[in-house]
Amino acid sequence: MKDKKKMILFITILAFFGMFIGNYGNYQLTAVPGSVYQAYNLTDSQFSSIMTAPMFPSIFLSIIIGILVDRFGISKMVSICYLIGSAGFIMRIFATDYKTMFLSMALTGAGCMILNSNLAKIVSSLYPMEKVGNVVGILMAGSTASMAVAYATTAMFPSLQVAFWTAAIASMIVSLLWLLFVREKHFTEEDAPVMETVPVKQALISCFKSKNIWLMGVSLLFLLGGATVISNFQVTALTSLKGYSEAFAGTFGTVLMIGAILGSILIPVLVGKYRKQAPMILLICGLVTALSTVGIIALPAAGIYVACFLNGALRSGIIAVMMSLPVMFEEIGPKYAGTAGGLAVTLELLGAVIIPTYIIVPLGSGSISAYFYLGAASIVIASLLCFLVAKTCGVYKTN
């Protein structure tokens, strides 16, 4: 029993660092943008596309990777995706132009892709169902923590090459440890019957027919769409509307990030403790997130710090709770959780692309304030959908 617990902890640590490294490599670029522009002779649009490149696997392949995990198992598919991610980090070291850099960054997103779309399935295979939300929140904190580490350390490296080698070596270590030690038997009970191979058609039909998955996915779409407005325009808003310097405006983002780390861990614990009140907790958290979005541009400096902390903590907490749901839906369960998670993540990331760029910015007509009000409206819609899915899916109807 002790050996089994140690193995579960070991796998959890590898999943955490898989999430951490996948995002850390991306944030290295935003920490020293001037060096990156100079090294690869980039335009603004090229830099932006490189930054979003790691999202491409998740946007286009999450459903497919979910199907493959349901069909062939967790250990094999995570090994493959981790190795692809490591290959991207290695390739990035030797990139000399925009095209190679873009391809490298896209490959680095493979590890996060499989973890994001299969978190509920992976965690529920290791932990009791009542702990799934808490563990998912801890793993998701890895992505936010990576931002803190990247911003704090990247500028200290003597060159981009050294920074890139550091990320590549860390990625290779995690990949090799998973490949050498993690097996499919670790995700099943010893006396459990061998799980039948899941037919692709059956998995897709079950997931596409699930009202719960669509509600969850669309709620995440609107939530991440509204949150991305803050990521994209917060510094611009505070410098243009408040007259703050870029350096001072950046401190608010640090507070938001700290809130995100804490929220992704603590909100799932709160929801797990008060399961019957979970729909209302999610609704209140969402509405406060929307209010804090407006507060970022409307309040004085002290209030903005509070608004940023609440915004990061509550929205990250909501996402952590929602990402743990697919495996708990009766029509999905562990059997189809990979495919279902892939569908939900695809919708979520589409929101980050579509809502800010093609809805909010055109409607805002160049007004930074309007962007934040529309972002808050998007989060309100997400809050109502989160309340609805938690209220009707049956997950939180019992203690």
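Reply: Happy to! In this predicted model, the largest nonpolar core has 78 residues, and those with the most contacts inside it are Trp178 and Met322. The helix that gives the most to this core is H7, spanning residues 110–126, with 10 residues. A second, separate core holds 25 residues, among them Tyr27, Tyr40, Met105 and Ala167.

Let's start with Met322. Leaving aside residues up to four places away in sequence, Met322 touches Met216, Ser219, Leu220, Leu282, Cys386 and Val389.

Trp178 brings us to the aromatic rings. A search of the whole structure finds 18 aromatic pairs, and Trp178 forms one of them with Tyr82. Their ring centres lie 5.5 Å apart with 65° between the planes, an edge-to-face arrangement. Tyr82 sits in helix H5 (residues 74–93) and Trp178 in helix H9 (residues 160–181), so this pair ties together parts that are 96 residues apart in sequence. Both partners are buried: Tyr82 has a relative accessible area of 4%, and Trp178 has 0%.

For contrast, have a look at Phe56 and Phe60. Both belong to helix H4 (residues 55–72), where they are four residues apart, about one turn of the helix. Phe56 is partly exposed, with a relative accessible area of 34%, while Phe60 is exposed at 59%. Elsewhere, ring pairs link Phe16, Phe17, Phe20 and Tyr24 into a cluster.

Back to buried positions, this time in helix H10. This helix covers residues 200–208, and its buried residues include Ala203, Ser206 and Cys207. Looking down the axis of H10, you'd find the buried residues within an arc of 95°, so they line one face of the helix. Their packing partners are helix H11 (211–241) and helix H15 (333–364).

Helix H8 runs over residues 132–153, 22 residues in total, and reaches 32 Å from its first C-alpha to its last. That is close to the 32 Å expected at 1.5 Å a residue. Along the way, H8 bends by about 30° at Ser143.

How values were computed
Residues are numbered from 1 along each chain as its sequence is written. This is a predicted model: local features need pLDDT of at least 70, side-chain atom pairs count only at pLDDT 80 or more; totals for chains, interfaces and linings use all residues. Side-chain values use heavy atoms; hydrogens and water are left out. A nonpolar core is a set of buried Ala, Val, Leu, Ile, Met, Phe, Trp, Tyr and Cys residues joined through side-chain atoms within 4.5 Å. Buried means under 20% relative accessible area, exposed over 50%, partly exposed in between (1.4 Å probe, protein chains only). Helices (H or I, at least four residues) and strands (E, at least two) are DSSP runs, numbered from the N terminus. Contact means heavy atoms within 4.5 Å. The expected span of a helix is 1.5 Å times one less than its number of residues. The bend at a residue is the angle between axes fitted to the seven residues ending there and the seven starting there. The arc is that of the directions from the helix axis to the C-beta atoms. Rings of Phe, Tyr and Trp (its six-membered ring) pair if their centres lie within 6.5 Å; planes under 30 degrees apart count as stacked, over 60 as edge-to-face and the rest as tilted.
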